[in-house]
Amino acid sequence: MSQSYQYILKKISAMSHRLHSGLTKMLAFLATFLLSINAMAGFSVSGTQLLDGNGQPFVMRGMNHPHAWYLGETSAFSNIAATGANTVRVVLSNGDRWTRNSKADVANVIALCKQAQLICLLEVHDVTGSGEESAAGTMARAAQYWVDIKGALKGQEDYVLINIANEPMGNGPAPSRWVNEQSAAIRTLRAAGLTHTLVIDAANWGQDWQNIMLDNASQVAQADSLSNTIFSVHMYEVYQNYNRINNYVTGFLTNHNLPLIVGEFGQDHQGQFVDANAIMRVAQEQGIGYLGWSWSGNGSCCVALDIVNNFNPKSLTPWGRRLINGTHGIAKTSVKASVYNGVTPPASSSSAESSGSSSSSMASSSAAASSSSGNCAQQCQWYSDAPRPLCTTQSTDWGWENNQSCIGRTLCQTGQQGNGGIVRVCN
């Protein structure tokens with residue numbers, strides 16, 4: 001073979017090797033890219049909109065539940081869902097001020113949210129009022145809590161948002177402190193591999209009367225390597241008329257082009273008027289989420305903020321009737337997250353009370369079928385719901401068999417904490 005042919009063959013061989021190497025690298029890059037997309041599945045941010053796991057706009061309509069202080073009130077999740085709410089903001093503790101919620105407990109909370117087809121907005125409450133409240137924890141410790149329990153969170157990005165810390169500063173902080181502490185917390189969660197949408201509360205006990213969040217939210221958002229952060233203002237006595245509320249919301253959305261929610265509000269606060277009707281109206285007009293405070297269990301200072309009396313879904317308070325059945329209330333404006341479309345929820349035990357009634361019109365579904373025919377079978381009494389079929393193919397979760405939802409036998413026996421269980425139903 002001539003030297004010229006040998007040279008040509010060597011060149012062809014080298015080109016083939018480079019081409020193969022390039023294709024290998026390209027395929028490896030594509031695989032890594034696709035894996036990263038999968039890892040980031042879940043809620044995301046697009047301008048002022050929050051998008052759910054299917055890329056559909058999602059507007060929160062719901063309420064807060066003080067889970068950390070009332071661990072036994074697990075029926076609250078299904079009862080909150082029965083009002084029409086699409087989101088529940090859940091109070092947790094990292095142990096700085098109250099008993100720490102374990103990873104297992106948080107996993108159970110998420111399961112309860114999913115069973116009720118609610119989006120779960122989890123928050124650490126211990127940092128409330130830091131800098132002014134001497135007992136408050138720190139942002140750094142709150143951020144570390146999420147890292148500690150990330151095993152309960154990863155894989156739940158379609159259903160869970162992380163509100164890193166409730167009302168993380170009291171009155172009068174330097175704006176730089178709020179910016180720096182929130183930014184550092186965001187970086188901590190991202191460094192740990194948590195890709196969930198993050199929620200940042202305003203300073204001034206959440207009310208932002210100093211406009212610290214209003215002026216600096218974009219700077220905090222820049223700390224998020226995934227650009228997946230939204231912001232939350234709490235509206236109490238600082239917000240007493242439509243113009244004040246609308247100006248804040250309009251200013252935030254215009255200045256930052258980021259999503260905003262009203263993470264807490266009521267119709268009064270420790271005896272001072274709050275324009276709850278205007279808050280709900282502005283939220284509807286501007287397409288932002290709102291979450292009323294709170295389902296039940298408020299202390300003596302704030303009993304008027306209970307949505308139901310003594311955790312009883314059949315006993316709405318005046319505030320509960322307004323929040324749920326008001327002109328721009330939950331019942332009229334809430335839309336379920338599309339990730340639950342096509343999923344049959346457990347039977348609801350109650351329905352919302354009419355706004356014109358001073359007494360409850362919420363009714364439980366029947367407890368059991370008639371035994372007239374003597375044809376009996378075991379079913380699951382899930383809390384106060386009508387009995388549901390037991391699954392035959394699995395035992396530890398909700399399932400879908402014979403074109404209907406079912407409950408695993410083990411879940412039915414162990415997941416009730418004394419309420420319900422396996423019952424004999426005849427028809």
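A pocket, as the word is used here, is an open set of grid points with protein on both sides within 12 Å along at least five of seven lines, and its lining residues have an atom within 4 Å of a point. The legends below describe close-up views of a predicted model.

**View A. The largest pocket and the residues nearest its centre.** The largest pocket holds about 540 Å³ of space, and its lining is made up of 29 residues, among which His125, Glu167, Glu264, His269 and Cys302 lie nearest the centre. Sorted by class, this lining has twelve nonpolar, 13 polar and four charged residues.

**View B. The closed barrel of eight strands.** The strands of the barrel follow one another in the order β3-β4-β5-β6-β7-β8-β9-β12, and their pairing is parallel. From one strand to the next, the twist averages 25°.

**View C. Strands β5 and β6, with helix α4 lying across them.** Strand β5, which covers residues 119-124, pairs in the parallel sense with strand β6, residues 160-163, over four bridges; within this pairing, leucine 122 has isoleucine 162 of β6 as its bridge partner. Helix α4, formed by residues 139-148, lies across β4 (87-92) as well as β5 and β6, and it runs at about 135° to β5.

**View D. The cis peptide bond between tryptophan 293 and serine 294.** The bond that leads from tryptophan 293 to serine 294 is cis, its omega being near -20°. Serine 294 belongs to the loop that lies between β12 (289-292) and α10 (318-325).

**View E. Aspartate 208 and serine 227, each with a positive phi.** Aspartate 208, a residue other than glycine, has a phi near 55° and is located in the loop between β7 (198-201) and α7 (212-221). Aspartate 208 counts as buried because its relative accessible area is 0%, under the 20% cut-off. Serine 227, likewise not a glycine, has a phi of about 50°, and its place is the loop between α7 and β8 (229-235). Serine 227 counts as exposed because its relative accessibility is 55%, over the 50% cut-off.

**View F. Leucine 411 in helix α12.** Leucine 411 is part of helix α12, which comprises residues 409-414, and is classed as buried because its relative accessible area is 14%, again under 20%. The C-alpha atom of leucine 411 is separated by 8.0 Å from that of tryptophan 398, although the two residues are 13 residues apart along the chain.

Terms used. Residues are numbered from 1 along each chain as its sequence is written. This is a predicted model: local features need pLDDT of at least 70, side-chain atom pairs count only at pLDDT 80 or more; totals for chains, interfaces and linings use all residues. Side-chain values use heavy atoms; hydrogens and water are left out. Two strands pair if DSSP finds at least two bridges between them. Helices (H or I, at least four residues) and strands (E, at least two) are DSSP runs, numbered from the N terminus. Axes are lines fitted to C-alpha atoms, for helices over the stretch in contact, and angles run from 0 to 180 degrees between N-to-C directions. Contact means heavy atoms within 4.5 Å. Buried means under 20% relative accessible area, exposed over 50%, partly exposed in between (1.4 Å probe, protein chains only). On a 1 Å grid over the protein atoms alone, a cavity is a set of points where a 1.4 Å probe fits but cannot get out, and a pocket is an open set with protein on both sides within 12 Å along at least five of seven lines; lining residues have an atom within 4 Å of a point. Grid points are joined across faces, edges and corners, and a volume is the space filled by probe spheres set on the points. Ala, Val, Leu, Ile, Met, Phe, Trp, Tyr, Cys and Pro count as nonpolar, Asp, Glu, Lys and Arg as charged, and the others, Gly among them, as polar.
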